[in-house]
Amino acid sequence: MRLSENIDQWVKALSLLGAVVAFAWGVIQFVASQQAQEETRRIEATKPFLERQLRLYTEATQAAATLATSKNRQELDAATKKFWSLYWGELALVEDKRVEAAMVQFGRALDAGSSGHALQKASLALAHACRDSLAESWGVKHWRNPHKDIGK
């Protein structure tokens, strides 16, 4: 009889252990599901901001590139208007400090009547600042400047 009592106790203990493991597994699955849902909500909430940031950065870099390279008066006038509109308005909603600084530098060069190489250099600096900002915002490190650390 003693053996059957031992077996009975082991069966009860294993049953209890199985119930505890099943409950713990259920809690782990629930927490993981909640975290995944939270991450999905976060991504969906930031999506409009990220899309607007990409659009405005693209518009700013296009305007700067046109100002740095075009000889067409109509294109230059339109690009100047677009650049200053972004500078004093909507871009401030999404830009980070690097893009802000690059926009200020480009604006100063534009105000100073710079052209050619000076505007091209400022335009590239703005594009690089936008790229790095997008890499950080979107969480894609591969977008960062691959040449940034060369020579350091």
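Biologist: Buried or exposed: which does Q53 count as, and at what relative accessibility?

Modeller: Q53 counts as buried because its relative accessibility is 2% (buried is under 20% relative accessible area, exposed over 50%, partly exposed in between; 1.4 Å probe, protein chains only). This is a predicted model, in which local features need pLDDT of at least 70 and side-chain atom pairs count only at pLDDT 80 or more, while totals for chains, interfaces and linings use all residues. Residues are numbered from 1 along each chain as its sequence is written, and side-chain values use heavy atoms, with hydrogens and water left out.

Biologist: Where is Q53, and which residues is Q53 in contact with, leaving aside its neighbours within four places in sequence?

Modeller: Q53 is in helix α1 (helices are DSSP runs of H or I, at least four residues, numbered from the N terminus). Leaving aside neighbours within four places in sequence, Q53 is in contact with V94, S133, L134, S137 and W138 (contact means heavy atoms within 4.5 Å).

Biologist: How are two packed helices described?

Modeller: By the angle between their axes and the distance between the axes. Here α3 (residues 97–111) and α4 (residues 117–138) have axes that come within 8 Å and cross at roughly 165 degrees (axes are fitted to C-alpha atoms over the stretch in contact; angles run from 0 to 180 degrees between N-to-C directions). The two helices are therefore roughly antiparallel (over 145 degrees; under 35 is roughly parallel, 65 to 115 roughly perpendicular, the rest oblique). Their crossing is left-handed (the near helix is turned anticlockwise from the far one by less than a right angle).

Biologist: Which residues make the contact of α3 with α4?

Modeller: On α3, they include R98, V99, A102 and F106; on α4, L126, A129, C130 and S133 are among them. By class, this contact has 12 nonpolar, two polar and three charged residues (Ala, Val, Leu, Ile, Met, Phe, Trp, Tyr, Cys and Pro are nonpolar; Asp, Glu, Lys and Arg charged; the others polar).

Biologist: At what angle do α2 and α3 pack?

Modeller: At about 140 degrees, with axes 11 Å apart. That makes α2 oblique to α3. F83, W84 and Y87 of α2 meet M103, V104, F106, G107, L110 and D111 of α3.

Biologist: How many residues has the largest nonpolar core?

Modeller: It has 26 (buried Ala, Val, Leu, Ile, Met, Phe, Trp, Tyr and Cys residues, joined through side-chain atoms within 4.5 Å). F83, L91, V99, F106 and L126 have the most contacts inside this core. Helices α1 (2–69), α2 (73–88), α3 and α4 each supply at least two of its residues, and the largest share, seven residues, comes from α1.
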